[in-house]
Amino acid sequence: MKTFLKTAVAAAAIALAGTFSASAEQVKVGFSPEAYPPFYSQDSSGKWGGWEVDIAMAICAEAKLDCVLTPIPWDGLIPGLKTKKIDAIMNSMSITAERQKEIDFSDKYYNTPTSIVGAKDQKFDASPEGLKGKVLGVQVSTVHAAYAKKHFASTAAEIKEYQTQDEANQDLAAGRIDATQADQIALDAFLKSDQGKGCCDMKGTVAPDLEVLGPGVGAGVRKGDTELKDKINAAIKGIRANGKYGEITKKYFDFDVYGDEVQSN
């Protein structure tokens, strides 16, 4: 009888342990598995790193969340969040009124200007007049695509959309388009690359449009998930206050990317 009881207790303990393990809080952080340096980049072993990866993991650590990076194509991030394939998005996604119809956002965790780069041998600026007759490349389903269609469609020869920013950069370097619009930091990284420094230069920063570009980048969460949003907001404040945000940022930039200018994807 004692043997039976010991066996039963042991089995129950194992089952209970399995239950606790299975119910442990894990947050799947969605990101698009494409190079977007210095925010996201992949090393030779396949591991993802970069400023945004480091910041995301610092936010998770501060919030005591068990976060797992979960790759999903860019245009599948919001649908994936809504269908619970992921629990949060931390992928340079700008907070916009249009996106807030579908998901909620944390407070911003960075905010940098939106710019245009183009071929060195062409002289123009980042205005509708400057882009007259030009083919402008943008990444699909981004604020840049929305901005370009709103502000440049009437003067540009074509607004060409790409699945990734890297594809737009490649076409620009190859001379198949005249310019591309994206976050200034990401474009700076492109211009410093072997591919970018030979072909292209910065044409300028686009005119502000808060309605389209939004107030900055935040973590996307499901509608009504106030518990996770509150934890992320507190963690953002926490790493800003304790110096962790600045410590990570100094590894990548010589300025504070938290700023108040207009931003990203």
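Some ground rules. Residues are numbered from 1 along each chain as its sequence is written, and side-chain values use heavy atoms, leaving out hydrogens and water. Because the model is predicted, local features need pLDDT of at least 70 and side-chain atom pairs count only at pLDDT 80 or more, while totals for chains, interfaces and linings use all residues.

The overall picture comes first. The chain has ten helices and twelve strands; these are DSSP runs numbered from the N terminus, with at least four residues of H or I for a helix and at least two of E for a strand. Of its 265 residues, 49% count as buried, meaning under 20% relative accessible area with a 1.4 Å probe, protein chains only. Among contacts with a separation of 6 or more, 72% are between residues 24 or more positions apart, a contact being heavy atoms within 4.5 Å.

Now the rings. The structure holds 15 aromatic pairs. Rings of Phe, Tyr and Trp (its six-membered ring) pair if their centres lie within 6.5 Å; planes under 30 degrees apart are stacked, over 60 edge-to-face, and the rest tilted. Tyr36 and Phe39 are stacked, because their ring centres are 5.6 Å apart and their planes are at 25°. Both Tyr36 and Phe39 are buried. Phe39 also pairs with Trp51; here the centres are 5.9 Å apart and the planes at 85°, so this pair is edge-to-face.

What does the pair of Phe39 and Trp51 tie together? Phe39 lies in the loop between strand 1 (26-31) and strand 2 (41-42), and Trp51 in helix 2 (residues 51-62), so the pair links parts twelve residues apart in sequence. Phe39 has 0% relative accessibility, and Trp51 has 0% as well. Tyr36, Phe39 and Trp51 belong to one aromatic cluster, which also includes Tyr109, Tyr110 and Tyr245.

The rule is NZ of Lys or CZ of Arg within 6 Å of the ring centre and within 35 degrees of the ring normal. Elsewhere, the charged end of Lys203 sits over the ring of Phe124, 4.9 Å from its centre.

Next, the cores. A nonpolar core is a set of buried Ala, Val, Leu, Ile, Met, Phe, Trp, Tyr and Cys residues joined through side-chain atoms within 4.5 Å. The largest has 35 residues, and those with the most contacts inside it include Phe39, Trp51, Tyr109 and Tyr110. Several elements supply at least two residues each, among them strand 1, strand 6 and helix 9 (226-241). Helix 2 gives the most, with seven residues. A second, separate core has 17 residues, including Leu131 and Leu213.

Leaving aside neighbours within four places in sequence, Phe39 is in contact with several residues, including Gly49, Ser92, Tyr110 and Phe253. Ser92 is in the loop between strand 5 (88-89) and strand 6 (104-110), and counts as buried at 0% relative accessibility. The side chains of Ser92 and Tyr110 are joined by a polar contact of 2.6 Å. That term means a pair of N or O atoms within 3.5 Å; within protein, one must be able to donate a hydrogen and the other to accept it, and residues adjacent in sequence count only if both atoms are side-chain atoms.

Terms used:
Buried means under 20% relative accessible area, exposed over 50%, partly exposed in between (1.4 Å probe, protein chains only).
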